[in-house]
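User: I would like to go through some of the terms used for this structure and see what stands behind each one. Please set the values against the definitions.

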Amino acid sequence: MTKLEQFMELLTGNFNNAEQYQRMQEENKPFPYAEHANHACNDKIRNLPKDFSGVFMVEESYYTTNGNTHGSPHLFLFTEEPDGIRLTSYEIPEGCGKNTFTYENMPQVDYESLKPSAKFTPALYVEKNGVWEGGSVSMFTPVLKFTLFERFSKDCLEVTESMEMNGKRTFGFDEPIRYKRT
């Protein structure tokens with residue numbers, strides 16, 4: 001099994017932070033209930049190059065705070081590099097809704113029509129004793145900074161994301177969201 005296959009085995013599936021959310025509620029700390037549904041989607045992409053060895057994945061993220069659920073879908077490409085696994089973010093395919101994009105409703109799309117995100121700095125994940133760690137810092141605008149750091153293991157997916165506007169955090173939490181497989 002390649003490193004990329006091992007990585008994708010950890011990352012694909014359905015996850016939530018129910019355990020962490022319950023603890024935060026008991027401690028009366030504001031924290032979202034979060035779910036991830038991660039699906040490899042190369043089967044929905046036509047005309048992949050013959051020697052293509054990467055894996056495209058639809059990440060469906062759902063965050064519930066104060067009874068309101070917000071979806072945040074993404075299309076990622078994972079590739080095996082000499083130094084680790086690279087995550088490149090792609091634009092949602094043309095014709096798909098940015099808030100409603102899911103693996104289930106993803107149409108067949110042509111590889112040539114897919115566009116890497118111009119705003120997101122690719123992340124590199126490196127394995128240390130069975131745990132993959134990595135992330136990136138992206139400047140979405142000259143004053144809007146997005147920071148991502150993640151740790152993936154058999155036990156859980158830990159995701160730390162924050163947005164800063166002019167150096168002030170506008171989104172993010174003091175501890176990572178800890179997703180466990182459901």
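User: Where is Thr102 placed, and why is Thr102 called buried or exposed?

Analyst: Thr102 is in the loop between strand E6 (84–90) and strand E7 (109–110). Helices (H or I, at least four residues) and strands (E, at least two) are DSSP runs, numbered from the N terminus. Buried means under 20% relative accessible area, exposed over 50%, and partly exposed in between (1.4 Å probe, protein chains only). Thr102 has 14% relative accessibility, so Thr102 counts as buried. This is a predicted model, in which local features need pLDDT of at least 70 and side-chain atom pairs count only at pLDDT 80 or more, while totals for chains, interfaces and linings use all residues. Residues are numbered from 1 along each chain as its sequence is written, and side-chain values use heavy atoms, with hydrogens and water left out.

User: Which residues does Thr102 touch?

Analyst: Contact means heavy atoms within 4.5 Å. Not counting residues up to four places away in sequence, Thr102 touches Val58, Glu60 and Tyr62.

User: What makes Glu91 buried, exposed or partly exposed?

Analyst: The relative accessible area of Glu91 is 31%, so Glu91 is partly exposed. Glu91 also lies in the loop between E6 and E7. Leu75 is 16 residues from Glu91 in sequence, and their C-alpha atoms are 6.7 Å apart in space. Leaving out residues up to four places away in sequence, Glu91 touches Leu75, Lys98, Lys115, Pro116, Ser117 and Ala118.

User: What is said of phi in Asn47 and in Asn129?

Analyst: Asn47 has a positive phi, near 65°, in a residue other than glycine. Asn47 lies in the loop between strand E3 (45–46) and strand E4 (55–65), and a relative accessible area of 55% makes Asn47 exposed. Asn129 is not a glycine, yet its phi is positive, about 55°. Asn129 sits in the loop between strand E8 (123–128) and strand E9 (131–139), and with 82% relative accessibility Asn129 counts as exposed.

User: How do you know on which side of H1 the buried residues lie?

Analyst: Helix H1 covers residues 3–11, and Leu4, Phe7, Met8, Leu10 and Leu11 in it are buried. They cover an arc of only 155° around the axis, which puts them on the same side of H1. The arc is that of the directions from the helix axis to the C-beta atoms. An α-helix has 3.6 residues a turn, so residues three or four places apart point the same way. Just after H1, Gly13 takes a positive phi of about 130°.

User: How do you know whether the radius of gyration of the protein chain agrees with that of a compact globule?

Analyst: The radius of gyration is taken over C-alpha atoms, and the globule rule is 2.2 Å times the number of residues to the power 0.38. For 182 residues a compact globule would have a value near 16 Å; the protein chain has 17 Å, which agrees. The C-alpha trace spans about 55 × 35 × 30 Å along its principal axes. Of the 182 residues, 42% count as buried. The protein chain has 2 helices and 13 strands.
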